Amino acid sequence: MIKLSIKKSDFEFNTGLLKPKDSLYSKIWKNNKIDTIVARKLMQIADNIVKSMDIEEYIEDIIITGSIASYNWHEMSDIDLHIMMDFEKIDKNFDLVKKMLDQTRINWNKKHNILIYDKEVELYFQHYTETHEANGIWSLELGKWLANPVRLEPEIDIVTTEKKAEAIAMQIEHLFEMFSEKKFKETYEYADKVKTKIARMRRLGLSDGGIYSPENLAFKMLRNAGYLEKLSALKIEAYDRMMSLSMKTKTIDENKAWKNYLNQGK
C-alpha cells in the first residue's frame with residue numbers, strides 16, 4: 001500500500017513549510033524589490049538560453065514566480081525562471097511548439113545545477129497569454145511586480161490531498177509491474193494516460209481552487225517524492241524497449257534492476 005503523507009518532513013507541502021513568513025526571502029528580495037545582482041544574473045541566464053536557441057524575436061517577458069516570489073518560500077523553494085513567449089509566432093502548430101519547448105526545458109534543467117543563494121534556478125517556457133496562478137510575479141524586463149505577493153493563511157485539505165496523491169502513486173507503481181512483465185506497449189500507453197491525467201488534475205485544481213487546492217498540492221507531493229520523474233523515465237524506457245529489435249531477451253533480474261534504479265531516492 002502506497003502511503004504519502006503531507007505531514008512527513010521529506011515532502012514539501014507539510015503544514016510547517018506552508019506557514020507564511022513575515023517577509024520575502026531576504027537574500028533575493030530587498031525592500032520589496034529584487035536584488036540588482038540577482039536580477040542581473042537571472043537575466044544573463046535567460047539571455048544565454050534565448051540566444052543559444054535563436055528565439056529573441058519571440059520573447060515577451062522574463063518573469064520570476066512560484067513560492068520564492070511569495071511569503072510562502074521555504075528551504076525547498078526553487079527560483080522559477082519563466083521565459084514568456086508567443087508560441088504561435090514560432091509556428092502555428094501550438095502543441096508542437098509546446099512539446100519542443102517542454103523537452104528543451106527538461107533537458108536544460110537536467111543538465112544544469114545553477115544555485116543563487118542556495119536556491120536552484122528552474123527554467124520554464126510559457127506562452128505569454130497562458131493563465132498563471134501565482135501569489136507573486138516579478139517582471140525582470142520591466143523591473144516591477146506584475147502581481148504583488150500577499151501574505152495568506154492557506155486552508156489545506158490534507159486528507160483529500162493525500163488521497164489523490166496516493167491513488168496516482170499506486171498507478172505509477174502498477175506501471176513498474178507491467179514493465180517488469182515486459183508489457184512495454186501497454187506500459188508506454190498507460191504511462192501517457194497517467195501523465196495526461198496528472199496534468200489535467202493540476203490544471204483543474206489551479207483553475208477552481210488556486211495554488212492550495214488538493215489537486216495542486218497532490219501534484220507537488222508526487223513531484224517531491226520523485227514519482228513524476230520516475231513516471232517520465234519509465235515512459236521513455238518503455239517506448240525504447242517497444243521500438244527495439246534484439247536477439248537478446250531481457251531477464252527478470254534486469255527488469256528488477258531497472259525498477260530499483262528508478263526507485264533510488266524514493
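**A chat about the model**

Colleague: To start with Lys-98, is that residue buried, partly exposed or exposed?
Modeller: Lys-98 has a relative accessible area of 35%, and because buried means under 20% and exposed means over 50%, Lys-98 counts as partly exposed. Please keep in mind throughout that this is a predicted model.

Colleague: And which helix is Lys-98 in?
Modeller: Lys-98 belongs to helix H4, which covers residues 94-111. In the sequence Lys-98 is 29 residues apart from His-127, while in space their C-alpha atoms are 8.5 Å apart.

Colleague: OK, zooming out, how many helices and strands does the protein have?
Modeller: The protein has nine helices and eight strands. Of its 266 residues, 44% count as buried, and if you take the contacts with a separation of 6 or more, 71% of them are between residues 24 or more positions apart.

Colleague: Now the helix pair, H5 and H8: what is the angle between them?
Modeller: Helix H5 (residues 158-180) and helix H8 (residues 227-243) pack at about 25°, and their axes are 11 Å apart. Angles under 35 degrees count as roughly parallel, so H5 and H8 are roughly parallel to each other. Their crossing is left-handed.

Colleague: Which residues meet there?
Modeller: On the H5 side they are Ala-169, Ile-172, Glu-173, Leu-175, Phe-176 and Phe-179, and these meet Tyr-227, Lys-230, Leu-231, Leu-234, Glu-237, Ala-238 and Arg-241 of H8. Sorted by class, this contact has nine nonpolar residues, four charged residues and no polar ones.

Colleague: What about H8 by itself, which of its residues are buried?
Modeller: The buried residues in H8 are Tyr-227, Leu-228, Lys-230, Leu-231, Leu-234, Lys-235, Glu-237, Ala-238 and Arg-241. The helix has 17 residues and reaches 24 Å from its first C-alpha to its last, which is close to the 24 Å expected at 1.5 Å a residue.

Colleague: Last one: is Asn-31 buried or exposed?
Modeller: Asn-31 is exposed, because its relative accessible area is 78%, whereas Asn-32, at 37% relative accessibility, counts as partly exposed.

Note on methods:
Residues numbered from 1 in each chain as written. Predicted model: local features only at pLDDT ≥ 70, side-chain atom pairs only at ≥ 80, totals over all residues. Heavy atoms only, no water. Helix = DSSP H or I, 4+ residues; strand = E, 2+ residues; numbered from the N terminus. Buried < 20%, exposed > 50% of the residue type's maximum accessible area, 1.4 Å probe, protein only. Axes fitted to C-alpha atoms, helices over the stretch in contact; angles between N-to-C directions. Parallel < 35°, antiparallel > 145°, perpendicular 65-115°, else oblique. Left-handed = near helix turned anticlockwise from the far one by under 90°. Contact = heavy atoms within 4.5 Å. Nonpolar A, V, L, I, M, F, W, Y, C, P; charged D, E, K, R; others polar. Expected span 1.5 Å × (residues − 1).
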